[in-house]
Amino acid sequence: MSPDAPRTPLVAGNWKMNTTVPEGIELARAIIAVPRSSGVEVAVLPPFVHLWPLREVLRGSGILLGAQDVFWESAGAYTGEVSPVALAGLCDLVLVGHSERRHLFGETDEQVARKLRAALAHGLQVIVAVGETLDQREAGAAGAVVDAQIDAALLGLDDGAMAQVVVAYEPVWAIGSGRTAQPADAQEMCAAIRARAGERVSASTAATLRILYGGSVTADNAGALFAEPDIDGGLIGGASLRVDAFSAIVTAAAGSR
């Protein structure tokens, strides 16, 4: 990493639709109990129904609490959605644009951008996920797809707003598949994301933008991935449900800087 662009690694555990509330509380307590370096930020993103009890469990621990999604309106007749107003003060951050939201539920780049802006407007940090499918990669369109996602997400954001944004690169073909992008390939795309961001905001802001890698990150491959200069931690799926694996990934991130 360039010495003029210090970036604190972030490891965020996306629990997806896993664990009951009692199981989530037990998992959170176990994560808190594991000693960790002060040189890395840690976040957990449980299901919505866990947020209130986990807020109390995590209080004072230094571990950030995040929501897996958010809606773009503050209130209204949107059955089943959760507004940024409801999350503000309860969560530290939200995740938008995860590939499962894009591909299973049909979310568009525009909708992801609206969610991002709504969350920022209510004081929430945002992790915005981008990434290509296997078909898009094999067709040579990976760069264009990710560029379009970045363009939509960052359009019109000033440097102040960008300070609250983290980008997570998650090649869709690697999520939960056991297939992981090779560190050099992940680095190439993360560097391209940083360069694209630099065309949308100031170069100095792009230099401080944290970019995570997500896609079958394990305790075994985390060190090699996080050693790459443009990878600033990970968005972790399955491994975040196992305390030993998640803690090892956090340790790898702490040792990467």
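Modeller: In this predicted model, a residue is called buried when its relative accessible area is under 20%, and exposed when that area is over 50%.

Colleague: Why is Cys91 called buried?

Modeller: The relative accessible area of Cys91 is 6%. The cut-off for a buried residue is under 20%, so Cys91 is buried.

Colleague: What makes Cys190 count as buried?

Modeller: Cys190 has a relative accessibility of 0%. Because a buried residue is one under 20%, Cys190 belongs to that class.

Colleague: How many disulfides does a search of the whole structure find?

Modeller: The search finds zero disulfides. To be counted, a pair of cysteine sulfur atoms would have to lie within 2.5 Å.

Colleague: How do you know what helix H1 should span, and what is the distance between its end C-alpha atoms?

Modeller: Helix H1 covers residues 21-33, which is 13 residues. The expected span is 1.5 Å times one less than the number of residues, and for H1 this gives 18 Å. The end C-alpha atoms of H1 are 18 Å apart, so the two values agree.

Colleague: Which residues of H1 are buried, and how are they arranged about its axis?

Modeller: Gly24, Ile25, Leu27, Ala28 and Ile31 are the buried residues of H1. Viewed down the helix axis, these residues fall within an arc of 165°, so they line one face of H1. An α-helix has 3.6 residues a turn, so residues three or four places apart point the same way.

Colleague: Which exposed residues does H1 carry on the face turned away from its buried side?

Modeller: That face carries Pro22, Glu26, Arg29 and Ala33.

Colleague: What makes Thr19 count as partly exposed, and where is it found?

Modeller: Thr19 has a relative accessibility of 28%. Thr19 lies in the loop between strand S1 (10-14) and H1. Although Thr19 is not a glycine, its phi is positive, at about 75°.

Colleague: Why is Ser216 called buried?

Modeller: At 16%, the relative accessibility of Ser216 is under the 20% cut-off, and therefore Ser216 is buried. Ser216 also has a positive phi, of about 60°, without being a glycine. Its place is in the loop between strand S7 (210-213) and helix H11 (222-226).

Colleague: How many cavities of 30 Å³ or more does the count come to?

Modeller: The count comes to two cavities. What makes each of them a cavity is that a 1.4 Å probe fits inside but cannot get out.

Colleague: What volume does the largest pocket have, and which residues lie nearest its centre?

Modeller: The volume of the largest pocket is about 430 Å³. Of its 18 lining residues, Phe48, Gln68, Asp69, Arg101 and Phe105 lie nearest the centre. By class, the lining has nine nonpolar, four polar and five charged residues.

Terms used
Residues are numbered from 1 along each chain as its sequence is written. This is a predicted model: local features need pLDDT of at least 70, side-chain atom pairs count only at pLDDT 80 or more; totals for chains, interfaces and linings use all residues. Side-chain values use heavy atoms; hydrogens and water are left out. Buried means under 20% relative accessible area, exposed over 50%, partly exposed in between (1.4 Å probe, protein chains only). On a 1 Å grid over the protein atoms alone, a cavity is a set of points where a 1.4 Å probe fits but cannot get out, and a pocket is an open set with protein on both sides within 12 Å along at least five of seven lines; lining residues have an atom within 4 Å of a point. Grid points are joined across faces, edges and corners, and a volume is the space filled by probe spheres set on the points. Ala, Val, Leu, Ile, Met, Phe, Trp, Tyr, Cys and Pro count as nonpolar, Asp, Glu, Lys and Arg as charged, and the others, Gly among them, as polar. Helices (H or I, at least four residues) and strands (E, at least two) are DSSP runs, numbered from the N terminus. The arc is that of the directions from the helix axis to the C-beta atoms.
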